[in-house]
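I opened my notebook to record a few look-ups.

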Amino acid sequence: SLDNILDLAKTYNNIGALYESMKKYKESESYHKKAVALYEEIIENRNSSDYISDLARSYGNLGALYNSM
């Protein structure tokens, strides 16, 4: 269901943040990219812009990670 996919994307973001705090940047990047991919898939497949802010937040997390590296 959509709720499960959204929960998974949020979880990926949280795991990415955890790895970033541990300075495990490759693992962090992987999880942040998984979150981005899920949000992009939701937006594309449901033809909905309702989750653009979530996608933007995920890209922001990825950008913050790259800044930390």
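My entries below cover a helix pair, a group of aromatic rings and one serine.

**Entry 1: the model.** I noted at the start that this is a predicted model. I kept that in mind for every entry.

**Entry 2: two helices.** I began with helix α1, residues 2–21, and helix α2, residues 25–45. How do two packed helices get described? I used the angle between their axes and the distance between the axes. For α1 and α2 the angle is about 160°, and the axes are 7 Å apart. An angle over 145 degrees counts as roughly antiparallel. So α1 and α2 are roughly antiparallel to each other. I also looked up the handedness of the crossing of α1 and α2, and it is left-handed. Then I checked which kinds of residues make up the contact of α1 with α2. I wrote down 15 nonpolar, four polar and four charged residues.

**Entry 3: aromatic pairs.** Next I turned to the rings. How many aromatic pairs are there? The count comes to two. I described each by the distance of the centres and the angle of the planes.

Tyr12 and Tyr31 make a tilted pair. Their centres are 5.7 Å apart, with 55° between the planes. Tyr12 sits in helix α1 and Tyr31 in helix α2, so this pair ties together parts that are 19 residues apart in sequence.

Is Tyr12 buried or exposed? Its relative accessible area is 18%, and buried means under 20%, so Tyr12 is buried. Tyr31 has 21% relative accessibility, so I put it down as partly exposed.

Tyr19 and Tyr31 make a stacked pair. Here I noted 5.8 Å centre to centre and 25° between the planes. This pair also links distant parts of the chain, with Tyr19 in helix α1 and Tyr31 in helix α2, 12 residues apart. Tyr19 has a relative accessible area of 24%, so I listed it as partly exposed.

Tyr31 takes part in the pair with Tyr12 and in the pair with Tyr19.

**Entry 4: a serine.** Last, I picked Ser58. Where is Ser58 placed? I found Ser58 in helix α3, residues 52–68. Ser58 has a relative accessible area of 0%, so it is buried. What does Ser58 touch, leaving out residues up to four places away in sequence? I listed Asn13, Ala35, Val36 and Tyr39.

Terms used. Residues are numbered from 1 along each chain as its sequence is written. This is a predicted model: local features need pLDDT of at least 70, side-chain atom pairs count only at pLDDT 80 or more; totals for chains, interfaces and linings use all residues. Side-chain values use heavy atoms; hydrogens and water are left out. Axes are lines fitted to C-alpha atoms, for helices over the stretch in contact, and angles run from 0 to 180 degrees between N-to-C directions. Helices (H or I, at least four residues) and strands (E, at least two) are DSSP runs, numbered from the N terminus. Angles under 35 degrees count as roughly parallel, over 145 as roughly antiparallel, 65 to 115 as roughly perpendicular and the rest as oblique. A crossing is left-handed if the near helix is turned anticlockwise from the far one by less than a right angle, and right-handed if clockwise. Ala, Val, Leu, Ile, Met, Phe, Trp, Tyr, Cys and Pro count as nonpolar, Asp, Glu, Lys and Arg as charged, and the others, Gly among them, as polar. Buried means under 20% relative accessible area, exposed over 50%, partly exposed in between (1.4 Å probe, protein chains only). Contact means heavy atoms within 4.5 Å. Rings of Phe, Tyr and Trp (its six-membered ring) pair if their centres lie within 6.5 Å; planes under 30 degrees apart count as stacked, over 60 as edge-to-face and the rest as tilted.
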